[in-house]
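Subject: Structure for your review

Dear colleague,

Please find below the structure that I am handing over to you.

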Amino acid sequence: VLTLTVTGSVTMAQLEAGAFATGYIPTVASQETRAADSASMIGNNFARWFNQNEGTVFVQADATVTSAVNAGAFALGSTTSDIMRIFRQTDAQPVAQVITGGAAQATMGMGATWTTTAAQKIAFAYATNNFSATTNGGTTITDTLGSVPVVSQAVLGNAAGIGALNGHLARIAFYSRVLSGAEQKGITS
């Protein structure tokens with residue numbers, strides 16, 4: 001039961017059916033669709049913590065809809081030609097991918113099924129000729145050939161050319177070194 005008593009005027013009222021409020025959607029005479037959220041970090045805010053040569057990204061996320069399109073959870077970079085990203089493929093498999101100069105350097109499908117609303121814990125490590133990824137404490141997938149792209153930003157909830165996550169990001173962490181397979185299994189268990 002919702003009871004609302006107003007004395008005076010109300011500006012920008014919005015009723016939410018979900019567990020939390022979303023961004024304001026101005027409407028006039030018809031229903032509107034809210035654009036997907038996509039946050040990015042650039043400039044000194046990004047450069048202060050990012051290690052270009054090597055690192056490990058940890059992402060905990062869920063996807064709330066089953067979709068025919070890929071769903072990007074996190075990316076380092078913003079163009080499809082120079083990017084490192086974590087996303088949910090159309091077959092619902094979590095994937096970590098590295099592209100440098102438009103050429104795929106590493107694409108690691110992690111074999112798990114990223115089911116709708118099930119939280120996934122994914123670790124992805126990168127360094128020249130040393131890429132690896134682990135999902136939910138499972139087997140670490142490796143690729144030992146490829147270069148790291150030069151990137152200048154982090155993007156949350158989307159991954160250039162992949163599409164929006166349509167879900168929730170619970171946690172993102174960055175380690176400025178390559179975590180071993182055992183360490184990746186530990187943080188994703």
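The notes that follow cover charged contacts and then aromatic contacts.

Please bear in mind that this is a predicted model.

Charged contacts

Side chains of opposite charge can pair when their charged atoms come close. Searching the whole structure gave one salt bridge. The partners are Arg177 and Glu183, whose closest N and O atoms are 2.8 Å apart. Arg177 has a relative accessibility of 40% and therefore counts as partly exposed. Glu183 is likewise classed as partly exposed, because its relative accessibility is 30%.

Aromatic contacts

The search of the whole structure also found seven aromatic pairs. In one of them, Phe46 and Phe50 are stacked, with 4.7 Å from centre to centre and 25 degrees between the planes. Phe46 and Phe50 are both buried; for Phe50 the relative accessible area is 12%.

Phe50 also pairs with Trp49. Here the ring centres lie 6.1 Å apart and the planes stand at 90 degrees, which is why the pair is edge-to-face; the cut-off for that class is over 60 degrees. Trp49 is partly exposed, its relative accessible area being 30%, whereas Phe50 is buried.

With kind regards

Methods
Residues are numbered from 1 along each chain as its sequence is written. This is a predicted model: local features need pLDDT of at least 70, side-chain atom pairs count only at pLDDT 80 or more; totals for chains, interfaces and linings use all residues. Side-chain values use heavy atoms; hydrogens and water are left out. A salt bridge is a side-chain nitrogen of Lys or Arg within 4 Å of a carboxyl oxygen of Asp or Glu. Buried means under 20% relative accessible area, exposed over 50%, partly exposed in between (1.4 Å probe, protein chains only). Rings of Phe, Tyr and Trp (its six-membered ring) pair if their centres lie within 6.5 Å; planes under 30 degrees apart count as stacked, over 60 as edge-to-face and the rest as tilted.
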